[in-house]
Amino acid sequence: MTETITTKAAARTVAAPRALGSLGLFTVLLGAALPLIDFFIVNVALPTMGRDLAASESVLELVVAGYGLAYAVLLVLGGRLGDLFGRRRLFLGGMAAFGLTSLACGLAPDAWSLVAARVAQGASAAAMVPQVLATIQSSTEGPRRAKAMSLYGATAGLAMVAGQILGGVLVAADLAGSGWRSVFLVNVPVVVVGLVLAVRTVPETRSQHPEPADGPGTVLLAAALLTLLAPLTEGRAAGWPLWTWLSLAAFPLVTGAFLAVERRADRQGRTPLVPPSLFALTTLRRGLTIMVPFAIGFSGFMFVIAVALQSGAGLGPVPAGLALAPMALAFFLVSLAGPRLVARFGARVVTAGSVVQGVGVVLILLAVRADWPDVGFVALLPGAAVAGAGQALQLPVVMRIVMSEVPPARAGVGSGVMVTTQQASLALGVATLGTLFLSLVPGMGMRDALVTTLVVQLGGVVVTGLLSLRLPRKVG
């Protein structure tokens, strides 16, 4: 009897993860940043890719959409597999695969090979990224966890802006004649460094009660996201053929089937891919609701401004990317103050952030109206800086709120749901605001199409601010 108790105690001791140190936190945040950088890094490289590979507009959209779709579709499954087999193991495997698929993207001989490599790259990211939040949630606690979550949100926002800037610099630098290929090849040495650090510094964690994969739920979630995002992304370039309308009509039906399957699995005592009980957490449910319009506006703006500055204002990749440098700098500086502001004012920081971001969007809109087509770094500086500050007051705090009540045993599932919502919304932003902008250009001209799109984004900022009023005042 004593031996049995001793064995159980030893097992518990082995199972307890060591704390995530500062270098380990840096390593997992690096893993979180890479896929987000790669979502945005291609925006300013697309024109060069099209010329080099003789790729049509619809194929170039697949370079963006194929990555985003594979990433969004497989994220929740990636979180579940991390809970089941070990988050460190999935993180290492996903990062290694991300490096290999980045190499395949950089060496792609033609457009369709690039699309295939991008899909594989998105799948690799889906294995790696959910482990980041799950590891933070399982191997930190108290003030250290709050700081780590704030840094995660700050990293995510900064990566999205920095990716676009980095893409412009790399394309223009044309390192060793690599042109656009360098935006993918640069990942390889970064991944090598990340793997070395991860082996040494990231603790292994997994769910105490691992839950098996939910096959039907995975298939139906994938189908639901595909029926929505594929036609919205490809519809305009393809001329809105019949399949796009049939796909959009199928979306609510497939989504309903997914929800029914998940509820039935929950009632029967099985573990669904997305447990309905997870949405009983008020902070998670309301936080995700805010993340949708925020991410749609963020990604839509980044895509549209990249196209407008290059195709309309005649800027090269570097000036087009650097025009957003004030946004990145403001985001970084303001996000450093985020934890202190949240400690004092709670979730109302998110509401204030939406107001500040709205002011920034208005300033950008006025600059476009007044100075087009001579709009660049100087004209956009005030609006970009103010908008970046507002975004920094929202994204890190919302991410922290979403995960605040998720138990460590379900950290993988919770992070998978959150990042899936974020990624699907990012893809939806490119599909909706990007399609709106490109559809308006022939009839309205580049300036008025951009102004109209910015007005629509401003409406999304208002919605985000109103939704933030429903958040619990205190942030855990």
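Two rings of Phe, Tyr or Trp (for Trp, the six-membered ring) make a pair when their centres lie within 6.5 Å; planes under 30 degrees apart count as stacked, over 60 as edge-to-face, and the rest as tilted. By that rule, ring pairs join Phe39, Phe40, Phe294 and Phe298 into a cluster. Keep in mind that this is a predicted model, where local features need pLDDT of at least 70 and side-chain atom pairs count only at pLDDT 80 or more, while totals for chains, interfaces and linings use all residues. Residues are numbered from 1 along each chain as its sequence is written, and side-chain values use heavy atoms, with hydrogens and water left out.

Let's stay with the rings. The structure holds six aromatic pairs. In one of them, the rings of Phe40 and Phe298 have centres 6.2 Å apart and planes at 65°, so this pair is edge-to-face. It ties together distant parts of the chain: Phe40 sits in helix 2 (residues 22–41) and Phe298 in helix 13 (residues 282–312), 258 residues apart. Helices here are DSSP runs of H or I with at least four residues, numbered from the N terminus. Phe298 also pairs with Phe294, this time tilted, at 5.9 Å centre to centre and 55° between the planes. Those two both belong to helix 13, four residues apart, or about one turn of the helix.

How exposed or buried are these rings? Buried means under 20% relative accessible area, exposed over 50%, and partly exposed in between, using a 1.4 Å probe and protein chains only. Phe40 has 0% relative accessibility, so it counts as buried. Phe298 is buried with 2%, and Phe294, at 8%, counts as buried too.

Now over to helix 4, residues 57–85. Its 29 residues reach 41 Å from first C-alpha to last, close to the 42 Å expected at 1.5 Å a residue; the expected span is 1.5 Å times one less than the number of residues. Even so, helix 4 has a kink of about 45° centred on Leu75, the bend being the angle between axes fitted to the seven residues ending there and the seven starting there. Of its 29 residues, 21 are buried, so helix 4 is largely enclosed by the rest of the structure. After helix 4 comes Gly86, with a positive phi near 115°.

Zooming out, the protein is divided into domain 1 (20–203), domain 2 (214–272) and domain 3 (277–475), with bounds from an automatic or database domain assignment. The centres of domain 1 and domain 3, taken over C-alpha atoms, are 20 Å apart. Across that pair, 42 residues of domain 1 are in contact with 43 residues of domain 3, contact meaning heavy atoms within 4.5 Å.
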